[in-house]
Amino acid sequence: QVQLVESGGGLVQPGGSLRLSCAASGNIYIINTMTWYRQAPGKERELVAAITRGGSTNYADAVKGRFTISRDNGKNTVYLQMNSLKPEDTAVYSCNALIQETTWGPQRSYWGQGTQVTVSS
């Protein structure tokens, strides 16, 4: 059974920083793309940033230049460094990972439970 566990959320003032982590554990052969999403109250879930196993990244326009996604393949962990936070960044942040559990098995999509980020003075 594969699990994704996020950490690092909390309350921060505008202009502040937070670093989110998402660690995958369980029966894992390989982790492909890892992605951070967020969902604010009353809004649709949106992609924040994604990173391939090789390190190629993709960002939403709203976070470019402020957020940085990275990963440690040895630790099966993805990070999201969030700087210059704004009130509009307030949301539940969730990570997603595309994981193969066996050499010849299919790739499946797994989700973490989400972590709240609140940006407020």
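Tyr93 counts as buried, at 0% relative accessibility. In this predicted model, Tyr93 belongs to strand β9, and its side chain makes a polar contact of 2.9 Å with the side chain of Arg38. Around that pair the chain folds as 11 strands and zero helices. The points below start with Tyr93 and Arg38, then take in the whole chain and a few other residues.

**Tyr93 and its surroundings**

- The side chain of Tyr93 also reaches the backbone oxygen of Asp89, at 2.6 Å.
- Setting aside residues up to four places away in sequence, Tyr93 touches Glu6, Leu20, Trp36, Tyr37, Arg38, Val48, Phe67, Leu80, Met82, Gly114, Thr115 and Val117.
- Tyr93 and Glu46 are 47 residues apart in sequence, while their C-alpha atoms are 9.6 Å apart in space.

- Arg38 sits in strand β4, which covers residues 30-39.
- Is Arg38 buried or exposed? Arg38 counts as buried because its relative accessibility is 6%, and buried means under 20%.
- The side chain of Arg38 has a polar contact of 2.9 Å with the side chain of Asp89, and one of 2.9 Å with the side chain of Tyr93.

- Ser94 is found in strand β9, which runs over residues 91-100.
- Ser94 is buried, since its relative accessible area is 14%, below the 20% limit for that class.
- Not counting residues up to four places away in sequence, Ser94 touches Glu6, Thr35, Trp36, Tyr37, Trp111 and Gly114.
- Glu6 is one of the residues touched by Ser94, and it is also among those touched by Tyr93.

**The chain as a whole**

- Read along the sequence, the pattern of the chain is β-β-β-β-β-β-β-β-β-β-β.
- The radius of gyration is 14 Å, close to the 14 Å that the globule rule gives for 121 residues, so the chain is as compact as a globular protein of that length.
- The C-alpha trace spans about 50 × 25 × 25 Å along its principal axes.
- Of the 121 residues in the chain, 43% are buried.
- When contacts between residues at least 6 apart in sequence are considered, 55% of them join residues at least 24 apart.

**Surface and charge**

- The accessible surface of the chain is about 6400 Å². Carbon and sulfur atoms account for 45% of that surface.
- How many positive and negative side chains does the chain have? There are 11 positive and 8 negative ones, and the centres of the two sets lie 4 Å apart.

**Loop residues with a positive phi**

- Asn76 lies in the loop between β7 (67-72) and β8 (77-82). Its phi is near 50°, a positive value in a residue other than glycine.
- Asn76 counts as partly exposed, at 23% relative accessibility.
- Which loop holds Ser84? Ser84 is in the loop between β8 and β9.
- Ser84 has a positive phi of about 50°, although it is not a glycine. At 41% relative accessibility, Ser84 counts as partly exposed.

**Thr52 and the end of the chain**

- Thr52 is in the loop between β5 (46-51) and β6 (57-59).
- With a relative accessible area of 30%, Thr52 is partly exposed, because that value falls between the 20% limit for buried and the 50% limit for exposed.
- Leaving aside neighbours within four places in sequence, Thr52 is in contact with Thr33 and Arg71.
- Thr52 and Val119 are 67 residues apart in sequence, and their C-alpha atoms are 28 Å apart in space.
- Ser121 is found in the segment after β11 (115-119).
- Ser121 is exposed, as its relative accessible area is 85%, and exposed means over 50%.
- The C-alpha atoms of Ser121 and Ile69 are separated by 25 Å, and the two residues are 52 residues apart along the chain.

Key. Residues numbered from 1 in each chain as written. Predicted model: local features only at pLDDT ≥ 70, side-chain atom pairs only at ≥ 80, totals over all residues. Heavy atoms only, no water. Helix = DSSP H or I, 4+ residues; strand = E, 2+ residues; numbered from the N terminus. Rg over C-alpha atoms; globule rule 2.2 N^0.38 Å. Buried < 20%, exposed > 50% of the residue type's maximum accessible area, 1.4 Å probe, protein only. Contact = heavy atoms within 4.5 Å. Areas by Shrake-Rupley, 256 points an atom, 1.4 Å probe, with all protein chains shown as cover. Lys, Arg positive; Asp, Glu negative; His and termini not counted. Charge placed at Lys NZ, Arg CZ, Asp CG, Glu CD. Polar contact = N/O pair within 3.5 Å; in protein donor to acceptor, adjacent residues only side chain to side chain.
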